[in-house]
Amino acid sequence: MKQAAGWFTGYKSPVFDEVFDAEGKPRKHYVEVVNRFNELGLEDFQRRRALTELAFRNQGITFQVYGDPSAAERPFPLDILPRVIPASEWRVVEQGLIQRVKALNLFLNDIYNGQHILSDNVLPPGLVLNHPQYYRQVHGVKLPHAAFTHVAGIDLVRDEEGKYRVLEDNLRTPSGVSYVLSNRRVMSRAFPQLLSKARVRLVEDYPDMLLSTLKSLSPRDVAEPCVVVLTPGPYNSAYFEHMFLAQQMGVELVEGSDLFVDEGRVWMRTTAGRQHVDVIYRRIDDDFLDPTVFRPDSVLGVPGLVKVYREGRVALANAIGNGVADDKALYAYVPRIIKYYLNQEPILPNVETYIGAEPDGADYILSHAAELVIKKVDQSGGYGMLIGPHASKAQVAEYIEKVRAEPHNFVAQPVVGLSTSPTFAEDTQTFEPRHIDLRPFVLVGESIKVLPGGLTRVALRRGSLVVNSSQGGGSKDTWVLS
């Protein structure tokens, strides 16, 4: 039987660990949490774990995996040990997120209007103008606050030295914030005294923050603008989140068939007649929004929506065309984008990236392929890439030929050893190191606000670097200390 004082006995991580330093001592901001867990006997520990799992099932906190033949909804796994971030550390993260999202919004507004960054040759014009997510249909559009990204999810990792780095920018329809709120609700029941004693900052007001941001986009100056959440429907993997956010904000959850365009306005069908819609928080990809402009076979969108949007009679969050700014090749240029628009160095650095479209970058990739992770710029989900240290000589040689033939289609990065956090392993009934990342959420309206914390995702499989829920990942409640 596990002894109360031994939950972390023998724990050791091969890389930077969030909880324990190199000597195996708890970091200062984790002492309270580690001590509290070490006070738990086996029965109490298992009771609290069971409580969290039951709460998730009862609340219907689930996700679906695309391609799963059973189409079954699964509870999202929550590890019981929270991730704790001290106030001083969070302050830097928050400043870095605000800086980055501000620069990316300036970039998006520029490329759909003046295109000064292209005429000044700060980045290759073809990278933008030939991008499949660059939509000329919205060129010249003027948006409230000059903001294209109103809800951003920026994925952060910590490297071997514990330095935060940006892994990816999600500027289209980032998901996961419902799990942040649900995790906190569940953990506040499992460890109420610990949460209050640690003085953890609140996340529960996110729906109010989101609704306030959305209302600020309204083209009509009315006391209560009509805001709706537009979902593709119940078969979407993030449908739980769409329902959850609409419910928490007290607004209608609608599908495309619930909306229509008439008299140059967007209307919602209701039992009391039609209602004028001011702001659409859409969770549908650009291509499906309006069959008269994008995909003609889409049954998810609203015919005529883009025309009303261009005329400034309805607001969309997020804006159309953001995909050009969260692409793998563009990612490498974000430090230059920050420098160009803000004349600042990035507070949160990128993972070092070599760009195949540039001669020096292509040469480096070709001569160091065996040491790098090489990615095709138009692929996602881990497809089409080479992990040099884990590949055979033949695989590396074959990949080099692909890069040599089309260097502009590739970028490369060194292998980053993601930081770890103790995570409970079912098979050994002990805490073991598991790799984690962090997705904080940033809201842009009249000002830029950052939710204190975010979604900490965990690679639950031993040795895995894949944190996605669809590939066996889970999450932790993220505690930012006040």
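Helix 3 and helix 12 sit roughly perpendicular to each other in this structure, because their packing angle falls between 65 and 115 degrees. Keep in mind as you look around that this is a predicted model.

**Helix 3 with helix 12**

- Helix 3 covers residues 87-111 and helix 12 covers residues 334-342; the angle between them is about 80 degrees, and their axes are 9 Å apart.
- On the helix 3 side, the contact is made by Gln99, Arg100, Lys102, Ala103, Leu104, Leu106, Phe107 and Asp110, while helix 12 brings Val334, Ile337, Ile338, Tyr340, Tyr341 and Leu342.
- Sorted by class, this contact has 10 nonpolar residues, one polar residue and three charged residues.

**Helix 9 with helix 6**

- Helix 6 (residues 177-190) packs against helix 9 (residues 239-249) at an angle of about 70 degrees, and the two axes are 9 Å apart.
- These two helices are therefore roughly perpendicular to each other.
- Their crossing is left-handed.
- To find the contact in helix 6, look for Val177, Ser178, Tyr179, Leu181, Ser182 and Arg185; their partners in helix 9 are Phe240, Glu241, Phe244, Leu245 and Gln248.
- The residues of this contact comprise six nonpolar, three polar and two charged ones.

**Helix 9 with helix 8**

- Helix 8 (residues 206-215) also packs with helix 9, here at an angle of about 80 degrees and with the axes 9 Å apart.
- That angle makes helix 8 roughly perpendicular to helix 9.
- From helix 8, Tyr206, Pro207, Leu210, Leu211 and Leu214 meet Leu245, Gln248 and Met249 of helix 9.
- Seven nonpolar residues and one polar residue take part in this contact, with no charged ones.

- The volume of the second largest pocket is about 460 Å³.
- Its lining consists of 20 residues, and those nearest the centre are Arg49, Glu53, Pro77, Glu426 and Leu460.
- Two or more lining residues come from each of helix 2 (42-59), strand 3 (78-85) and strand 17 (420-425).
- Helix 2 contributes the most to this lining, with five residues.
- By class, the lining of the second largest pocket holds nine nonpolar, two polar and nine charged residues.

Notes. Residues numbered from 1 in each chain as written. Predicted model: local features only at pLDDT ≥ 70, side-chain atom pairs only at ≥ 80, totals over all residues. Heavy atoms only, no water. Axes fitted to C-alpha atoms, helices over the stretch in contact; angles between N-to-C directions. Helix = DSSP H or I, 4+ residues; strand = E, 2+ residues; numbered from the N terminus. Parallel < 35°, antiparallel > 145°, perpendicular 65-115°, else oblique. Left-handed = near helix turned anticlockwise from the far one by under 90°. Contact = heavy atoms within 4.5 Å. Nonpolar A, V, L, I, M, F, W, Y, C, P; charged D, E, K, R; others polar. 1 Å grid on protein atoms, 1.4 Å probe; cavity = no way out; pocket = protein on both sides within 12 Å on 5 of 7 lines; lining within 4 Å. Points joined across faces, edges and corners; volume = space filled by probe spheres on them.
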